[in-house]
Amino acid sequence: MNFKCKFKRQFLSGPYMVWIVGFILLPILMILYYGLTDSAGSFTLQNITAITEPIHMKALLLSLKLALLCTAVCLILAYPLAMILNGLHLKRQSFVVFIFMLPMWMNLMLRILAWQLLLSNNGIFNTVLESLGLAKVQLLNTSSAVVFGMVYDFLPFMILPIYNSMSRIGSDVIDAAKDLGANTLQVFLKIILPLTVSGVISGIIMVFVPALTSFVISDLLGGGKVLLIGNVIEQEFMQSMDWNMGSGLSIVLMVFVIASMAFMNAHGNEEGGAAVW
Amino acid sequence: MVKKISGRIYLSAIFLFLYFPILVLIVLSFNDSKSRVAWGGFTGKWYVSMFQNTAIMRAFATTIQITLTASVLATVIGTLAAIGIQAMRRRGKAILLGATNIPLLNADIVTGISMMLLFVRFTRLGFLTVLVAHLTFDIPYVILNVLPRLNATSKSAYEAALDLGATPLYAFYKIVWPDIRPGVFSGFLMAVTMSLDDFSITYFTKGAGVNTLSTMLYTELRKGIRPEMYALSTLLFGIALLLLLLINFRSARKNDIHN
Amino acid sequence: MAKELIHLSHISKSYDGTLVLDDLDLGIKENAFVTLLGPSGCGKTTTLRLLGGFETPDRGQVFFDGADITSLPPNERKLNTVFQKYALFPHMSIAENIAFGLKISKKSKSYINDKIKYALKLVNLDGYEKRSVDSLSGGQQQRIAIARAIVNEPKVLLLDEPLGALDLKLRQDMQYELIRLKEELGITFVYVTHDQEEALTMSDSIVVMNQGYIQQIGTPEDIYNEPCNAFVADFIGDSNIIDGVMLKDKLVQILGVTIPCVDTGFGEHQPVDVVIRPEDVELSDPPDGFLEGDVASIIFKGVHYEIEVTAGGYDWLVHTTKMYPVGTHVGISVIPFNIQIMNKPESNDEKAVETGEF
């Protein structure tokens, strides 16, 4: 009886298993196949090693640089914000989620449009600068504009996990630390910081990975002048029509994504582990 | 006291950073002048021309079709999958959950490209391929929202219902379903959010002729900014605000009843 | 006579307009085991948090060893707290948890190590240094919480319902453990609980609180045998509380009969509460006793039978070692010494609570 029930229940995930094989695993095999063959279909590593070509390398390094910058800015902005929000002792946490989710519900393109407006040569920032008697600044179509856009787009992904991990710290744990003689700084360094490491790590992953692989923000706010690795791959597929090269570079990008996640997780576990023992 | 005030200032600054760009779009959508900085009087003409713009309206319709179809199907497939996964042994569970994480963690651009490579080999790109692609990244969100709820559901209550003579289906509907319903609902909402906002994956799997709002706007933005887009922004922001308020109101009321 | 170590002077505190403590005045002697006892919301935890420094009173002062510590932050107070839900630091090992306070006060490494060993031995958890918090049971976590507090050698240990989350058997074991600890350490314990049995077992003196007021202070024997009002009587153990009229000194009327008692000074024809403990009610054959009634129910409780007798329109709770089948016609008597006379509560609030939660 019990056995029969169990058998039936597992069966329910059947459609999804088919889905996994057909639309998750198979596409990845496709990208591996294209990435490791040339246009004639014979095996090659050229598409992978193409990352060392100066133009590709430059794009990859710029992507890493901007993604790191964006992640750092998000972390610096989000951590104090999460602390302040947590200190408000809001009765409804969902309110916080609401406030920071709302801009994300706006279409990404329209959010980018807003920044185009703000940063353009005759946009609001430059108008304000002019009216103050200062010189105009070229903002749009620069790396800074891309970082601005990325921070705007990804900041909520940093705020929410940090805020969550912070709100899970019981007030009695903080009280206990104070009771044992810790002052405000010691409470922060010895209790709050270590207990929010996991939130910080998931925040970093959730910001760094999309920032590293983005191509839309750099395309629209960088005006084609800021070439990231995502843009290179997109152009290989949509303009040069060199799918093998595009797939090869995608594999490299995937490796970077996996490596950065593994690095963060390992680092997180190490931290957590050190704290446990 | 000083700490409190500086906290409030900081909070307001971030709030301004998040909402000022949106505010600018809303103000400009009612601006009679095409200028980005000068106020030329109040007008509703951009809204009129937005509704008359067939490209925008068609993209709008396609977005809604894709989003709703993908979210509903993903909710059904994902919920069933979660129930199945929960009944599995550790090994099978780990493998399936690992596969579920791939579309969530992989870069959107890689997911999009890999699916495009698969689709062009076996079929033509179009509405259907976009739908399949959306389902692929929607289902994991449903599973990850339903599974924790399922795990928290008391197994003994379900078994007690069977013991009292309920059929498995009736017991599921009466005992398990009420417990997992919030998870199913939030999974559905996540799927809607992800589908509405997706650009990269749609972009690579759509082919010519099919456009969602995201891909349509991308092409348009590369050409230049048109004031109808301000009107569209305001409209979409209004819809998002309304929907989120509705959801929040619902859950807030539920909490109040609980307390 | 031990000297007074802590004095709470005319403390008032309210949250969101609700008065939690109203002009509370309480002294705590050195080396005493003092229990603050009362139903939830009576202000006992707030009192403890005022001592710990986690709250500041709206009015009044807190004195410690003669010094005003009202606005001193918790980290500068010579008291340590054991929290209700243990509040161990989840990211630290047991040893790191215990060492926390010592590291803050910059003690030497060898001193800290010795202290950890000593504290773990004291709470019967030798060898647990390297364990993680998650791997411990509730009872073990509570012992660690106690160890973490006492290594700092506080003059006073504050305990906020420390046994509330434990099961009955463990709770009883821990009660003896705490008494032993207090004797070994020779420091003051201020203990908060809503469990009257805990309070009676462990305390040197009990402070019964309700609605932000102190109802009675006394030894466990005083509180049990001589409750000063109906609330205390009802809260501590089971009681028969009957409306009565004090006719004159040493004579009270309840349920239509007049019986002798030993209390004086209530005036004449004054409405009073008459409290009689169930074990003080004596059952006999009907002609004897001041009331007659019928046994309505009987439950075997091991040491005694718990019997309900309907007599004079009141359901009497009786504890007796003799068996009376349901329906038996019995007589009820109580010797005058075991009849407690109490003034009626003054405020309606007190009345409401008295008939409410417990």
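How are α4(A) and α8(A) oriented to each other? They are oblique to each other, on a scale where angles under 35 degrees count as roughly parallel, over 145 as roughly antiparallel, 65 to 115 as roughly perpendicular and the rest as oblique. This is a predicted model, in which local features need pLDDT of at least 70, side-chain atom pairs count only at pLDDT 80 or more, and totals for chains, interfaces and linings use all residues. Residues are numbered from 1 along each chain as its sequence is written, while chains are lettered from A and ligands numbered from 1 in the order in which they are written.

- Helices (H or I, at least four residues) and strands (E, at least two) are DSSP runs, numbered from the N terminus.
- Two packed helices are described by the angle between their axes and the distance between the axes.
- Axes here are lines fitted to C-alpha atoms, for helices over the stretch in contact, and angles run from 0 to 180 degrees between N-to-C directions.
- α4(A) packs against helix α8 (residues 143-167) of chain A at about 40 degrees, with the axes 7 Å apart.
- The α4(A) contact with α8(A) has 24 nonpolar, 3 polar and no charged residues.
- For these classes, Ala, Val, Leu, Ile, Met, Phe, Trp, Tyr, Cys and Pro are nonpolar, Asp, Glu, Lys and Arg are charged, and the others, Gly among them, are polar.
- Helix α4 (residues 54-87) of chain A also meets helix α11 (residues 197-213) of chain A: their axes come within 9 Å and cross at roughly 145 degrees.
- The crossing of α4(A) and α11(A) is right-handed.
- On the α4(A) side, the residues that meet α11(A) include A:Ser63, A:Leu66, A:Cys70 and A:Cys74.
- On the α11(A) side, they include A:Val200, A:Ile204, A:Val207 and A:Phe208.
- This contact of α4(A) with α11(A) has 13 nonpolar, 3 polar and no charged residues.

**A buried helix in chain A**

- Helix α13 (residues 229-238) of chain A is largely enclosed by the rest of the structure, because 8 of its 10 residues are buried.
- Buried means 20 or more other C-beta atoms within 10 Å of the residue's own; exposed means 12 or fewer, and partly exposed lies in between, with C-beta atoms placed from the backbone.
- Among the buried residues of α13(A) are A:Ile229, A:Asn231, A:Glu234 and A:Phe237.

**Chain A against chain C**

- 19 residues of chain A are in contact with 22 residues of chain C (contact: C-beta atoms, placed from the backbone, within 7 Å).
- α9 (171-179), α10 (184-195) and α14 (243-276) of chain A each give two or more residues to this side.
- The largest share, 6 residues, comes from α9(A).
- The chain A side has 10 nonpolar, 5 polar and 4 charged residues.

**Chain C**

- Chain C has 9 helices and 20 strands.
- Its C-alpha trace spans about 80 × 45 × 40 Å along the principal axes.
- Of the 358 residues in chain C, 41% are buried.
- C:Ile94 lies in helix α2 (residues 94-104) of chain C.
- C:Ile94 is buried, with 26 other C-beta atoms within 10 Å.
- Leaving aside neighbours within four places in sequence, C:Ile94 contacts C:Tyr128, C:Glu129, C:Arg131 and C:Ile144.

**Confidence in chain B**

- Mean pLDDT (the predictor's confidence in each residue, from 0 to 100) is 89 for chain B, and 96% of its residues reach 70 or more.

Key
Contact = placed C-beta atoms within 7 Å. Left-handed = near helix turned anticlockwise from the far one by under 90°.
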